[in-house]
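Trainee: Hi! I have a new structure open and could use a hand. Can we walk through it together?
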Amino acid sequence: MHRNPRKIAIIGFGAMARSLQTSLDQADSGFLIGATLLPEQYRHGVEVPENVAVFGAVEELIDWRPSLVVECASHEAVHSAVPALLEAGIDVVVVSVGSLSDESLVSRLEEAALRGGSRLTVASGAIGGLDVLRSAKSAGLREVVYTGSKPPAAWKGTPADGAFDLAALTERTVIFDGSAAEAAKLYPKNANVTAAVALAGIGFAKTRVTLAADPSSSSNTHKVEADGAFGRFSIVLENRPLPENPKTSWLAALSIQQCIVRHFQNIEL
Ligand SMILES: NC(=O)c1ccc[n+]([C@@H]2O[C@H](COP(=O)([O-])OP(=O)(O)OC[C@H]3O[C@@H](n4cnc5c(N)ncnc54)[C@H](O)[C@@H]3O)[C@@H](O)[C@H]2O)c1
C-alpha cells in the first residue's frame, strides 16, 4: 500500500493542484490524487472534484495512509502539516520552497523525517539547473547569481513599487541587488525560485540575487549563473504561465508531476 500510485494526497487545492490533476488524468498516467488536506478556512471558493476525499486535519490525512503527499499550498502549510506527515513515515514533496529559508523549520523537518524514516523532496518548480549546482558544490562554487526579470507591472505591491516609478520606466532597471537571504524577506513572491537556487548551491547568505523590471519584455525570465572548480554554467528560462493562472509558471506545475513519477519509479531515468 505504501507505494500505491492511487493514494497520492495534496495539501491545498489551488491552481497548481488543479493543473496537476488535469495533467495526470489526461496522460492516463495511473496516478491518482485521492485526497486533499484542506482545513475549513481554506475551502472558500475552492472546487474539489467528487472523487477526491477532503480532510480538515492532518491527523485524518495520516489515518488515510497516503503513499505520497504533495504540499501545494503555502509556507504556512509546510510549518503546520509537513512535520507531522514526515514523523508518521509519509514522504512529502514540497513546492513552497521559499519556506525552507527558515533554518529552524528545516531542522524540525529533518528531525521529523529521521524519526519517521521518511523523505522530503523539494520540487525544482519554475527553475532549472539545480542538478548542476548540487553536483558542482562539492568541488567548490565561487559564485552563484540568480537574475529574475519581469515586466514593470509584475513588481506592483513590492518594495520596488514606490522606490521606482514602475509605470514610467523606459529601460531595463535593476530594482534589487543583494543576497538570497535579503531577497527572501523583501520579495517573498520570488522566494521559491531564489530559495531553490540557494538550497541547491551555496546557501542564502552567499547566493547573489538581482531583480530587474524590464519594460521591453512581456514574460518573466530566470537566469542562473555559477562559477566554480567545475567550470562555468549559465541557464536562462522564459517560462509560460499556467493557462488557468497567469501568476504561476506552467513549468512549476510540470515539475510536481515529474516528482511524482520519479517517486514511484523503480529505475530513475
Ligand atoms: N517552487 C516554485 O517554483 C513555485 C512556483 C509557483 C508557486 N509555488 C508555490 O506553490 C504554492 C501553491 O501555488 P498555487 O499557484 O497553486 O497557489 P494557489 O493560491 O492557487 O493555491 C494554493 C491553495 O492552497 C490553500 N492553502 C493555503 N494554505 C493552506 C494550508 N495551510 N492548508 C491547506 N491549504 C492551504 C489556499 O487557500 C489555496 O487555495 C504556493 O506556496 C506558491 O508560492 C512554487
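Mentor: Happy to! Let's start with a term: buried area is the accessible area that two parts lose on being put together, summed over both. Keep in mind too that this is a predicted model.

Trainee: Okay, which domains is the chain divided into?

Mentor: There is domain 1, covering 8–122, and domain 2, covering 130–239. Their C-alpha centres lie 27 Å apart.

Trainee: And how much area is buried between domain 1 and domain 2?

Mentor: About 490 Å², and carbon and sulfur atoms give 70% of that. On the domain 1 side, Val97, Gly98 and Ser101 lose the most area to domain 2, together making up 61% of what that side buries.

Trainee: How many residues are in contact there?

Mentor: 7 residues of domain 1 are in contact with 7 residues of domain 2.

Trainee: Switching to the ligand: how many residues surround it, and which are the closest?

Mentor: The ligand is surrounded by 22 residues, and the closest are Ser74, Glu76, Ser96, Ala126 and Thr248. By class, that shell has 14 nonpolar, 7 polar and 1 charged residues.

Trainee: What does serine 74 do with a polar side-chain atom?

Mentor: That atom of serine 74 lies 2.7 Å from a nitrogen atom of the ligand. In the side chain of glutamate 76, an N or O atom is likewise 2.7 Å from a ligand nitrogen atom. Alanine 126 uses its backbone instead, with an N or O atom 2.8 Å from an oxygen atom of the ligand.

Trainee: How much of the ligand does the protein bury?

Mentor: The protein buries 79% of the 860 Å² that the ligand exposes when taken alone. Helix H1 (15–26) and helix H3 (75–80) are the elements that give two or more residues to the shell.

Note on methods:
Residues are numbered from 1 along each chain as its sequence is written. This is a predicted model: local features need pLDDT of at least 70, side-chain atom pairs count only at pLDDT 80 or more; totals for chains, interfaces and linings use all residues. Side-chain values use heavy atoms; hydrogens and water are left out. A residue is near a molecule or strand if one of its heavy atoms lies within 4 Å of it. A polar contact is a pair of N or O atoms within 3.5 Å; within protein, one must be able to donate a hydrogen and the other to accept it, and residues adjacent in sequence count only if both atoms are side-chain atoms. Accessible areas come from the Shrake-Rupley method with a 1.4 Å probe; for residues, only the protein chains shown count as cover. Helices (H or I, at least four residues) and strands (E, at least two) are DSSP runs, numbered from the N terminus. Ala, Val, Leu, Ile, Met, Phe, Trp, Tyr, Cys and Pro count as nonpolar, Asp, Glu, Lys and Arg as charged, and the others, Gly among them, as polar. Domain bounds come from an automatic or database domain assignment. Contact means heavy atoms within 4.5 Å. Buried area is the accessible area (1.4 Å probe) that two parts lose on being put together, summed over both.
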